[in-house]
Amino acid sequence: MEKDNIQNQLIAIGRKMVKEKGTEALTVRKLSEASGCSVGAIYNQFSNMDNFIVIQNYMTLDELGQRLEQIEETANPYADMNKFLQVFVDYVKDNRNLWYMLYAFYLRRNERAYSYFYLRKVVRIIGCINKLLQRILPQMERPERILSSQVLWLTMFALSSFLTKDVLDSFAKINQESMCQIVLNTYVAGLSVLENKKQNG
């Protein structure tokens, strides 16, 4: 069997394991048992499990980016922004274990720089946000709009941790989706007020 075919099979099996059983299921030994490949063969393909997880995380970002880009525009950019958020929330909740793997992996990177490939995939998502902000706030200057898009993405990414785990249930009855909507809409509303003040002197 060719190397690429082995890699693709291992990636598919590992992804299924995480989806069904969570990140704790993804160890080289468990992957070996599920795939029939030896531990040595797996290391020959990926060198280490971090590389394997990076590939999975790239796939997760690609899937999300594709869904966000498929959102059809309407005449109401504010409604489209909330539709964008709903697609994001739905994807995270439908793929909780995969998203948690991405979130936890990049949270523990500490001083290590993000790869070009990871940043390119994130830029794709930020580009969708930037496009929406351009429709909502056409008078906003481009550098400020790009910065605001980055802030929105980082905020959504931070809040996404609450969507993967029921950590709020023991603290208060907080609707996780409503929390994300409130934060997003409050931020965009604040930008609109600031821009109006700026335009009106």
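## Salt bridges across the chain

A salt bridge here is a side-chain nitrogen of Lys or Arg within 4 Å of a carboxyl oxygen of Asp or Glu. With that definition, a search of the whole structure turns up 11 salt bridges. Keep in mind that this is a predicted model, where local features need pLDDT of at least 70, side-chain atom pairs count only at pLDDT 80 or more, and totals for chains, interfaces and linings use all residues. Residues are numbered from 1 along each chain as its sequence is written, and side-chain values use heavy atoms, with hydrogens and water left out.

Let's start with Glu69 and Arg124, a salt bridge whose closest N and O atoms are 2.8 Å apart. This pair links distant parts of the chain, with Glu69 in helix α4 (residues 49-69) and Arg124 in helix α7 (residues 116-136), 55 residues apart. Helices are DSSP runs (H or I, at least four residues), numbered from the N terminus. Glu69 is partly exposed at 45% relative accessibility, and Arg124 is partly exposed at 29%. For these labels, buried means under 20% relative accessible area, exposed means over 50%, and partly exposed lies in between (1.4 Å probe, protein chains only).

## Two further links and a network

Lys198 and Glu144 also meet through their side chains, in a salt bridge of 2.8 Å from N to O. Here too the pair links distant parts of the chain: Lys198 belongs to helix α9 (residues 176-199) and Glu144 to helix α8 (residues 142-164), 54 residues apart. Lys198 has a relative accessible area of 48% and is partly exposed; Glu144, at 27%, is partly exposed as well.

What is the distance between the closest N and O atoms in the salt bridge of Arg135 with Glu73? They are 3.9 Å apart. Arg135 is partly exposed, with a relative accessible area of 25%, and Glu73 is partly exposed with 49%. Both residues also take part in a network of salt bridges that links Glu73, Asp80, Lys83, Lys131 and Arg135.

## The nonpolar core

Now for the interior. A nonpolar core is a set of buried Ala, Val, Leu, Ile, Met, Phe, Trp, Tyr and Cys residues joined through side-chain atoms within 4.5 Å. The largest one has 56 residues, and those with the most contacts inside it are Phe88, Trp99 and Trp153. Helix α7 gives the most to this core, with 9 residues.

Leaving aside residues up to four places away in sequence, Trp153 touches Leu64, Phe88, Trp99, Val122, Ile125, Ile126 and Ile129, where contact means heavy atoms within 4.5 Å.

Apart from residues up to four places away in sequence, Ser149 touches Ile126, Ile129, Asn130 and Leu133. A polar atom of the Ser149 side chain lies 3.4 Å from the backbone nitrogen of Asn130. For reference, a polar contact is a pair of N or O atoms within 3.5 Å; within protein, one must be able to donate a hydrogen and the other to accept it, and residues adjacent in sequence count only if both atoms are side-chain atoms.

Helix α2 (residues 28-35) has buried residues at Val28, Leu31 and Ser32. They cover an arc of only 105 degrees around the axis, so they sit on the same side of α2; the arc is that of the directions from the helix axis to the C-beta atoms. On the other side of α2, Arg29 and Glu33 are exposed.

After α2 comes Gly36, with a positive phi near 85 degrees. Ser47 has a positive phi too, near 70 degrees, in a residue other than glycine. Ser47 lies in the loop between α3 (39-46) and α4 and is exposed, with a relative accessible area of 54%.

## Cysteines

How many disulfides does the structure hold? There are 0, a disulfide being a pair of cysteine sulfur atoms within 2.5 Å. The sulfur of Cys180 has its closest cysteine sulfur in Cys128, 18 Å away, which is too far for a bond. Cys180 counts as buried at 3% relative accessibility, whereas Cys37 is partly exposed with 22%.

Methods
Helices (H or I, at least four residues) and strands (E, at least two) are DSSP runs, numbered from the N terminus.
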